[in-house]
Amino acid sequence: MGGPGDPPEGTPEGGPGGGEDEYRSVVFDESFVRAARLQEFSAQERIADHAPAVRRRPPLRRGLSRQALILVLLIAVAFGTAIYMGVRHPYQNPASSGPPAEPLRMTVIPLAPQGKVPGASDTDHLYAQSPAAQFRIGAEGIPLPAARRTAHFSDSQVTNALSIAKDYIVRSSLYPEVLTGDQVRPVRVLLDPDQLDQFDQSFSHPAADGRHAPTGWLVRFDPAQAELADRKIRVQGTLQAAETDSSTLEVTADHTFVYALRAVGAGAEQASLFTVRRELQFRFDREDLRLNQVQLVVSYVQAGPLSCAEDSTNRLHPLLAGQTAKEGGPAGTDPYATGGATALCGSLAAGSQPKV
């Protein structure tokens, strides 16, 4: 039974509260209307053209969404990477990118003293009375020159080559564990892999053949004979870099090192100076620069005071305070032998020793 004021038959179907109440939540906004495929003609259009009440609208043309574009780009990059990886294997040997490193050519010349080796208990006094009085101490005596770019190498690449060369010189000439010990690893880790076999053979089977002398690779004394009396080693010299071709840089080093040594054992108070001049030539390709490694191609060493009769191939056997050189030249020198290098020897100039 209807309520007061309602028609006897109930609320009309099209009236308020009728069957259309369930569609009140549906909102036909502007985007919904624009997306409709059918569009009603206006009254004017229907009068003029006698057209049907509605017409079909062309579908909306929408571009690709941003997510779709990103997906397409990722697929293209992945496809290009797959092709690149197939053409060039990512794990190919870097050494194959250039010619192999040349073997090191080395010369070690002992310098004999003229008379007794001067000595003193005060190492500072020894240095002050020698030509090394104005030398710098340690790595400070190996300053890097101003780096200038070349035709095919940038400033940073030239600087890197000079820095690696300096690092090799410091490790092979100034590290105490190398000088008076058996450590070779600090030097070995800097070498181009192509030179490692020659380096290892030099220490396992030393030979005076201009190729396999440990003293051509680094400075080391006989630890049973001499020890450092002062770790403040005096150094002076120069570094120069130049481009030899479009793929190679060369660094030339010329340094003089002066060590204060004393005899091993109790009661050895007198110290003496020992001088080593090293002229080294380094070579770098781009792979060496990238991996911070070096090719040592030439090593020319003069060292003394030494006895020419002593073998300086494996270790240096310095003459210490109060000692004199043995008579005679290097043992086993055969000018008719063609299988090895002829031994060389020189003498220290009078002014190269301290005046004590």
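How many bridges join strand β7 to β8, and do the two run parallel or antiparallel? The answer is 9 bridges between β8 and strand β7 (residues 271-284), with the two running antiparallel.

Before going further, a word on the model. It is a predicted one, in which local features need pLDDT of at least 70 and side-chain atom pairs count only at pLDDT 80 or more, while totals for chains, interfaces and linings use all residues. Residues are numbered from 1 along each chain as its sequence is written, and side-chain values use heavy atoms, with hydrogens and water left out.

**The sheet**

Strands β7 and β8 belong to an open sheet of 7 strands with mixed pairing, in the order β4-β5-β6-β7-β8-β3-β9. Strands here are DSSP runs of E with at least two residues, helices are runs of H or I with at least four, and both are numbered from the N terminus. Two strands pair if DSSP finds at least two bridges between them. In general, strands of a sheet pair through backbone hydrogen bonds, either parallel or antiparallel.

If you follow the order to its ends, you reach β4 (136-137) and β9 (346-347), which stand at the edges; each has a single partner strand, so one side of each is left without a neighbour in the sheet.

| Strands | Sense | Bridges |
|---|---|---|
| β7 and β8 | antiparallel | 9 bridges |
| β3 and β8 | parallel | 6 bridges |
| β3 and β9 | parallel | 2 bridges |

F282 stands opposite L296 in β8, and V108 has V301 as its bridge partner in β8. For A112, the bridge partner is S347 in β9. Strand β8 is mostly covered, as 7 of its 10 residues are buried; buried means under 20% relative accessible area, exposed over 50%, and partly exposed in between (1.4 Å probe, protein chains only).

**A histidine in a loop**

Between β8 (295-304) and β9 runs a loop, and H317 is found in it. This residue is buried, with a relative accessible area of 18%. The side chain of H317 makes polar contacts with two side chains, those of D222 (3.3 Å) and Q225 (3.4 Å). A polar contact is a pair of N or O atoms within 3.5 Å; within protein, one must be able to donate a hydrogen and the other to accept it, and residues adjacent in sequence count only if both atoms are side-chain atoms. Leaving aside residues up to four places away in sequence, H317 touches D222, Q225, L306, E310 and D311, where contact means heavy atoms within 4.5 Å.

**Aromatic rings**

The whole structure holds 6 aromatic pairs. Rings of Phe, Tyr and Trp (its six-membered ring) pair if their centres lie within 6.5 Å; planes under 30 degrees apart count as stacked, over 60 as edge-to-face and the rest as tilted. One of the pairs is F199 with F203, a tilted pair at 4.7 Å centre to centre with 45° between the planes. Both sit in helix α8 (residues 196-204), and because they are 4 residues apart, about one helical turn separates them. F199 is buried at 0% relative accessibility.

F257 and Y259 are stacked, because their planes are at 20°, with the ring centres 6.5 Å apart. F257 is buried at 0% relative accessibility, and Y259 is buried with a relative accessible area of 0%. Ring pairs link F257 and Y259 with F221 and F274 into a cluster.
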